[in-house]
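Please look at the structure first.

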Amino acid sequence: MASTEPGVARTSTLRDAQKAFTRQRLLDAAAEAFAAKGYGATTIDDIVEVAGATRATFYLHFKSKADVVTELVAFARTESRALYEQLTSPVLDGRCEPIRAWLGSAMEYWERMRPYLAPGLEAAAIEPELQRAEDGDVEIAVAAIVAGMAGSGRLEEGARRLHALLMFGQLEWLFRRWMRLGWEFDREQVLDALTETWMAALR
């Protein structure tokens with residue numbers, strides 16, 4: 001019996017690898033379909049057609065279309081939360097250069113994660129669980145800004161959260177608009193304007 005164990009282990013490993021490959025193929029296909037048609041218009045049939053799979057295969061890995069987009073967004077959210085937590089340091093510093101550098105990192109993140117974030121934002125309008133997760137991310141960013149303000153003694157305590165919400169809300173609105181319509185202005189011009197408005201809010 002012991003002699004069969006290595007073979008069993010290899011079979012299990014290959015099966016797990018195949019399962020992971022198929023799951024990733026479905027996720028990639030979903031991202032492609034969402035980018036082409038939007039979350040609302042995309043069907044499970046669209047996803048499996050792009051993936052070259054079947055509905056039966058889809059349901060072996062996911063419960064629903066919402067389940068797929070939740071996993072796509074979770075991939076991007078891991079990085080976004082780390083990025084948002086880094087906001088405390090530049091706000092605490094208060095100089096233009098660190099603020100602009102963080103805003104540039106945020107812009108790069110949104111550009112890189114666009115295939116995952118765009119369908120997630122659309123889905124959040126109709127999927128309560130996704131909306132709650134998105135709200136949680138905003139709270140991480142706002143809390144980081146407030147912590148930087150508090151550490152540097154900027155603004156009255158009662159005004160910090162409002163200013164933080166306005167600062168991050170402006171940034172998020174701009175990125176949402178960009179994902180739908182593209183950049184209307186030069187990238188450096190956008191960064192300069194964002195930095196100027198954030199510095200004004202911090203003063």
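Leu-155 is partly exposed, with a relative accessible area of 25%; partly exposed lies between buried, under 20%, and exposed, over 50% (1.4 Å probe, protein chains only). Leu-155 sits in the loop between α8 and α9, where helices are DSSP runs (H or I, at least four residues) numbered from the N terminus. Its phi is positive, about 65°, although Leu-155 is not a glycine. Most residues other than glycine have a negative phi.

This is a predicted model, in which local features need pLDDT of at least 70 and side-chain atom pairs count only at pLDDT 80 or more, while totals for chains, interfaces and linings use all residues. Residues are numbered from 1 along each chain as its sequence is written, and side-chain values use heavy atoms, without hydrogens and water.

The axes of α6 (residues 96-112) and α9 (residues 157-181) come within 11 Å and cross at roughly 35°. Axes are lines fitted to C-alpha atoms over the stretch in contact, with angles from 0 to 180 degrees between N-to-C directions. Among the residues that meet are Trp-102 and Trp-110 in α6, and Phe-168 and Phe-175 in α9; contact means heavy atoms within 4.5 Å.

A nonpolar core is a set of buried Ala, Val, Leu, Ile, Met, Phe, Trp, Tyr and Cys residues joined through side-chain atoms within 4.5 Å.

| Core | Size | Residues include |
|---|---|---|
| Largest | 35 residues | Trp-102, Trp-110, Ile-145, Trp-198 |
| Second, separate | 23 residues | Leu-26, Ile-47, Ala-123, Leu-130 |

Not counting residues up to four places away in sequence, Ile-145 touches Leu-87, Val-91, Ala-164, Met-167, Phe-168 and Trp-198.

Technical notes:
Helices (H or I, at least four residues) and strands (E, at least two) are DSSP runs, numbered from the N terminus.
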